[in-house]
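Please open the model in your viewer and keep the selection tool at hand. The tour below moves from one selection to the next and says what is there.

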Amino acid sequence: MPLSALVAAVLLLLAASGRALAASQELPLFREAPAFRNGPGCASAPTIHIAMTLDAAYLRGSLAGVLSVLRHASCPESIAFHFLATRPRRFRPAVATSFPSLAFDVYRFDPDLVRGRISSSVRRALDQPLNYARIYLADILPSSVRRVIYFDSDLVVVDDVARLWATDLGPDHVLAAPEYCHANFTSYFTDRFWSDPVFPGALASRRRRPCYFNTGVMVMDLDRWRSGGYTRKLESWMEIQKREARIYELGSLPPFLLVFAGEVKGVDHRWNQHGLGGDNVEGLCRDLHPGPVSLLHWSGKGKPWLRLDAGRPCPLDALWAPYDLLRRDDRDNLFADV
């Protein structure tokens, strides 16, 4: 084959592979959500700050979460969203298209902040740098944002988020979340942790018995976080895990437990009906916990949009479906079944 023909063939292959790569990186198309407006009683409503992450795998879930918040808010125009993404310019148009009047910003999360601190866990999704972005909210968000609600991207809110925002953190709590003291707290750490002469002592001086809490729903006082240097406290446990001893198996959760368990301001369990995605291995269907529900959270391996697309949904996935903004020609009437 002549050299010129060989070069042409190589260039053609490169162009084809480039188009394929570009196609694989294209985001799906999403519909525009209805516009939600403040009522006459919202003139004095506080601005509610909500933080979430954006990535290709969970974008559909993030947008559904935003829609659910706005749909049930008494003062939706008084809510400001703060999104963290490794590539902000890639995801900003998707948010702006679905929510043209939404008050939001997208901040860059630098994966290098955590690359040297992440160790493998029980599920690959838990090892992604963006899963650790919640640790850096106080550092990335403007100092004018003094308090924030952090939401995972696999949940929907079915109550007025103002009720969660009104959580009283008291004079010195940094973080509020539903706690689950019936859970086996020791199981979140390895035998190596519990057998160490020093590590368990970090939990000994807490004001209450340390309990498990899920970090997918948190009310955070960012002023207290900043002044207390909590980012560094969490990083130090990540560094011990990475360089000194394997003390846990579950992604970004254990460092939060090590720093905050026993110091969390409790929130009603209705604000995190978690575990609807099953466990971290099989993702089997689960039922709701007993009691009222303000927030449904598909933590675990199974995500509702994936199970719905595969034609194998769990019964509770039907509660997520009305908030799905993925563009389909045959489904334009949002909330027809709500």
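Two strands are said to pair if DSSP finds at least two bridges between them, and the strands themselves (E, at least two residues), like the helices (H or I, at least four residues), are DSSP runs numbered from the N terminus. This is a predicted model, in which local features need pLDDT of at least 70 and side-chain atom pairs count only at pLDDT 80 or more, while totals for chains, interfaces and linings use all residues. Residues are numbered from 1 along each chain as its sequence is written, and side-chain values use heavy atoms, with hydrogens and water left out.

**The sheet**

Begin with the open sheet of seven strands, whose order is β3-β2-β1-β4-β9-β6-β10 and whose pairing is mixed. Its edge strands are β3 and β10 (265-266), each of which pairs on one side only. In general, strands of a sheet pair through backbone hydrogen bonds, either parallel or antiparallel. Now select residues 175-177, which are strand β6, together with residues 217-221, which are strand β9, and you have a pair that runs in the antiparallel sense over two bridges. Within this pair, L175 has M220 of β9 as its bridge partner.

**The helix across it**

Next select α3, which lies across β2 and β3 and runs at about 165° to β3 (axes are lines fitted to C-alpha atoms, for helices over the stretch in contact, and angles run from 0 to 180 degrees between N-to-C directions). In this helix, residues 88-98, the buried residues are P88, F91, A94, V95 and S98. They lie on the same side of α3, because they cover an arc of only 130° around the axis, the arc being that of the directions from the helix axis to the C-beta atoms. Buried means under 20% relative accessible area, exposed over 50%, and partly exposed in between (1.4 Å probe, protein chains only). These buried residues pack against α2 (59-72), β2 (79-85) and β3 (103-108), where contact means heavy atoms within 4.5 Å.

**The salt bridges**

How many salt bridges does a search of the whole structure find? The search finds 24, a salt bridge being a side-chain nitrogen of Lys or Arg within 4 Å of a carboxyl oxygen of Asp or Glu. Select D159 and R163, whose closest N and O atoms are 2.4 Å apart; D159 is buried at 12%, whereas R163 is exposed at 55%.
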